[in-house]
Amino acid sequence: MQERIVEIDSDSGFCFGVVNAITKAEKELEDSSEPLFCLGDIVHNGDEVKRLSNLGLRIIEHSDLKNLGGCKVLLRAHGEPPSTYSEAESVGIRIIDATCPVVLKLQQRIRKAYLERGNAQIVIYGKNGHAEVNGLVGQTNGEAVVVESENDLAGLERIDFTRDIILFSQTTKPIDGFQSLSTYLQNRLENGAGLVVYDTICRQVAGRQKKIENFARRHDVVIFVGGDKSSNAKSLFCACAAVNANSHFIQNVGQIESAWFTGAASIGICGATSTPRWQMEEIAEYIKNNNT
């Protein structure tokens, strides 16, 4: 009988920004006995958040900042608006800034464009309410218009198509969606208005969709590991399911069902930019050892 193949996708797992944030958190926790607070989940993965919580990382919300004077607060990879830094400084919080360098550069570019915009409008292709997008909009004093899809534009009166538009993107949005939105805006402009497009999508993240589709095609069954709060996980899982109907989304090993693997000779395990490698390895071992 041929041995079943269980493969972990080498391109899945933490992106650089998440690795950087977690490394900073671990170092602070190891080097100091002081409490370390993190503003929001450091990564959209419940098991990884629990692992770091066991090391001493405490998750807080923005409403908690006013009571943490003199404490250390880590800002996660998503970034924060200027108002967060101002509030932290006003109460004496020591910030450990783990904003992803790609996000930080984007924040700076949007801030510069906003200050030099003249009569132009700043439009951001992104998910309303997403932590990264909140930080980006904050660079414009809340004036940027966030667009999730072309459908949003039908009733969006905040965009004046007779004025110039400067378009940016959340770093983790799909390239094809950004290009489609750019074309749509260009075609809607009136009275000689212009469109300036800045492609600010992180290629390390954007390139994963094609890779994960190719990975999913190679296997009889695909186990996608991701957090239920992760938009990146939901997007990448949809890419898997589109090419392999035997794709299953799980958050941890406890959600595996043995019936999924009946007759499967090849099983692929993959995940999001917020999925730790150790979790995919744990699931691979479980599948191998439990004869599922």
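User: Hey, how many helices and strands does the protein chain have?
Analyst: The protein chain has 10 helices and 12 strands. Those are DSSP runs numbered from the N terminus: helices are H or I with at least four residues, strands are E with at least two. Keep in mind that this is a predicted model, where local features need pLDDT of at least 70, side-chain atom pairs count only at pLDDT 80 or more, and totals for chains, interfaces and linings use all residues. Residues are numbered from 1 along each chain as its sequence is written, and side-chain values use heavy atoms, with hydrogens and water left out.

User: OK, what box do the C-alpha atoms fill?
Analyst: Roughly 70 × 55 × 25 Å, taken along the principal axes.

User: And how much of the chain is buried?
Analyst: Of its 292 residues, 48% are buried. Buried means under 20% relative accessible area, exposed means over 50%, and partly exposed is in between (1.4 Å probe, protein chains only).

User: Which residues sit on each side of β12?
Analyst: S266, G268 and C270 are on one side, with I267, I269 and G271 on the other, and all of them are buried. In general, side chains in a regular strand alternate between the two faces of the sheet.

User: What about β10 and β12?
Analyst: Strand β10 (residues 221–225) pairs with β12 in the parallel sense too, over 5 bridges. There, V221 is partnered with I267 of β12.

User: New topic: where is N45?
Analyst: N45 sits in the loop between β2 (36–39) and α2 (46–55).

User: Is N45 buried or exposed?
Analyst: Buried, with a relative accessible area of 2%.

User: So which residues does N45 touch?
Analyst: Leaving out residues up to four places away in sequence, N45 touches G227, S274, T275, P276 and Q279. Touching here is a contact, meaning heavy atoms within 4.5 Å.

User: And what does the side chain of N45 reach?
Analyst: The backbone nitrogen of D47, at 3.2 Å.

User: Last one: how far apart are N45 and G192?
Analyst: They are 147 residues apart in sequence, and 47 Å apart in space from C-alpha to C-alpha.

Conventions:
Pairing = 2+ DSSP bridges. Polar contact = N/O pair within 3.5 Å; in protein donor to acceptor, adjacent residues only side chain to side chain.
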